[in-house]
Amino acid sequence: MGTYIYLSILPNQISRAEWEQVYEESLTLLNAFPFAQIEKREYFGFQVPVYTRAKELTEKDRYWRISGDLQSKQFAESFKLYRDLEKYKTNRKGETSDILLADEHNTVSVFDSKTQGLNYHLYILAIAMLIESRFPKAALVSGDIDYLQCVKAKQWADQYLSSPIELPVRVHVDSLLNRINDKNELDQIAAIEKWLIADAEDIFRLIYERFSREAFVTWFCNHLKTYSSPNMVGAVKLFTYYLNLTNDIDGLINMACKTETGPKIFGFRFDSGNCRHVDLFAT
C-alpha cells in the first residue's frame, strides 16, 4: 500500500525534439521548488548517503532524480526523468495514436513510484501534468490524485512556465468526454467508469446528470443485474446514491423491480446513508 504517482507515455508518438523541449521545461519546475535527491559521499573512507538539493545530473546521460524535498526533510521513493527519449523507446507494435485506446503493454512507464503523500507529492504531480499537457494523447497521469490536487499543482506550475498546463484527462470529465465523443452513450459511460479518478458517488451523479434517461436506466439496470442479491453492498450503494440524488423512490422501484431489461427484484429492504428502513416491492 502507498501513495503513488504514475506517468505513462507512448514514446513512438513523441518526437525527440519535442521531448527535449519538455525536459527543459521540467528543469524550470525542478529549480522552482527545493526538491531533494539522495547521493553518496565519502567521509573518512565510508560511503554515506546525503540529502542534497536535486539538480540535473550528467554522469553519463542527462537526467534528474527526485526523492523528497529540503523543506520537510522527508523522502520516499525516487522519480527520474531522462532528456533522451531513446531511454523510453521500444520495439512494440500496434501502438495507437491515443493513449486512452492503447493496451497497457504498449505504454511505457516514466513515473511509477510512491510519494506517500509527502510534501513533494504535489510538485512531482505538477511535472507529470506538464508532460501530459504537452503530449495530451501520448502521455497519461494517474495514481493517488484527485481534481483539487491537480488544480493546486497547475496553479503552482503556471507561475513558472511560459505557457500554462492543463488538468489531467483522468480528473477532468469534460476533457475525457471530448476525447470519446464519437462513441455511443453506453460506451462513454464505460469510459468514464474506467478512466475517471473520482469518488464513486460523484461518478454516479455525473452519469445521471450528463446522459439521457434511457442510457442511465440501461446502465443502472445492467449494474444491478451483476449482483446476486439486492442486499449486497454494491447494490445497496447504487440504491443509496440514486435516492440521495433524486429522492425518487417510484423511479427506483420501476428500475429495480419492473423494467423489462432490469433485474426484476420482487422486494427488498436496506438501511444506508440518508435512507433508513426502505422497503421496495413490485406491485
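Predicted model: local features only at pLDDT ≥ 70, side-chain atom pairs only at ≥ 80, totals over all residues.
Of the 283 residues in this chain, 47% count as buried.

First, the overall dimensions. The radius of gyration is 24 Å, whereas a compact globule of 283 residues would have a value near 19 Å. Taken along the principal axes, the C-alpha atoms fill a box of roughly 85 × 40 × 35 Å. The chain holds nine helices and 10 strands. As for contacts with a separation of 6 or more, 63% of them join residues 24 or more positions apart.

Let me turn to the sheet. Three strands form an open sheet, in the order β7-β1-β8, with antiparallel pairing. Which strands stand at the edges? They are β7 and β8, the latter covering residues 139-143; each has a single partner strand, so one side of each is left without a neighbour in the sheet. From one strand to the next, the twist averages 10°.

Within this sheet, β1, residues 4-9, runs antiparallel to β7, and six bridges join the two. In that pairing, Leu7 stands opposite Phe111 of β7. As a reminder, strands of a sheet pair through backbone hydrogen bonds, either parallel or antiparallel. Is β7 mostly covered or mostly open? Mostly covered: five of its seven residues are buried.

Thr90 lies between β6, residues 75-82, and β7, residues 108-114. Leaving aside residues up to four places away in sequence, Thr90 touches Asn12 and Val108. For a sense of distance, the C-alpha atoms of Thr90 and Val233 are separated by 43 Å, the two residues being 143 apart along the chain.

Finally, the helix pair. Helix α6, residues 200-210, packs against helix α7, residues 213-224, at an angle of about 140°, and their axes are 7 Å apart. Why are the two called oblique? Angles over 145 degrees would count as roughly antiparallel and 65 to 115 as roughly perpendicular; α6 and α7 are therefore oblique to each other.

On the α6 side, the contact is made by Phe204, Ile207 and Tyr208; on the α7 side, by Arg213, Phe216, Trp219 and Phe220. By class, the residues of this contact divide into six nonpolar, no polar and one charged.

Key: Residues numbered from 1 in each chain as written. Heavy atoms only, no water. Helix = DSSP H or I, 4+ residues; strand = E, 2+ residues; numbered from the N terminus. Contact = heavy atoms within 4.5 Å. Buried < 20%, exposed > 50% of the residue type's maximum accessible area, 1.4 Å probe, protein only. Pairing = 2+ DSSP bridges. Axes fitted to C-alpha atoms, helices over the stretch in contact; angles between N-to-C directions. Parallel < 35°, antiparallel > 145°, perpendicular 65-115°, else oblique. Nonpolar A, V, L, I, M, F, W, Y, C, P; charged D, E, K, R; others polar. Rg over C-alpha atoms; globule rule 2.2 N^0.38 Å.
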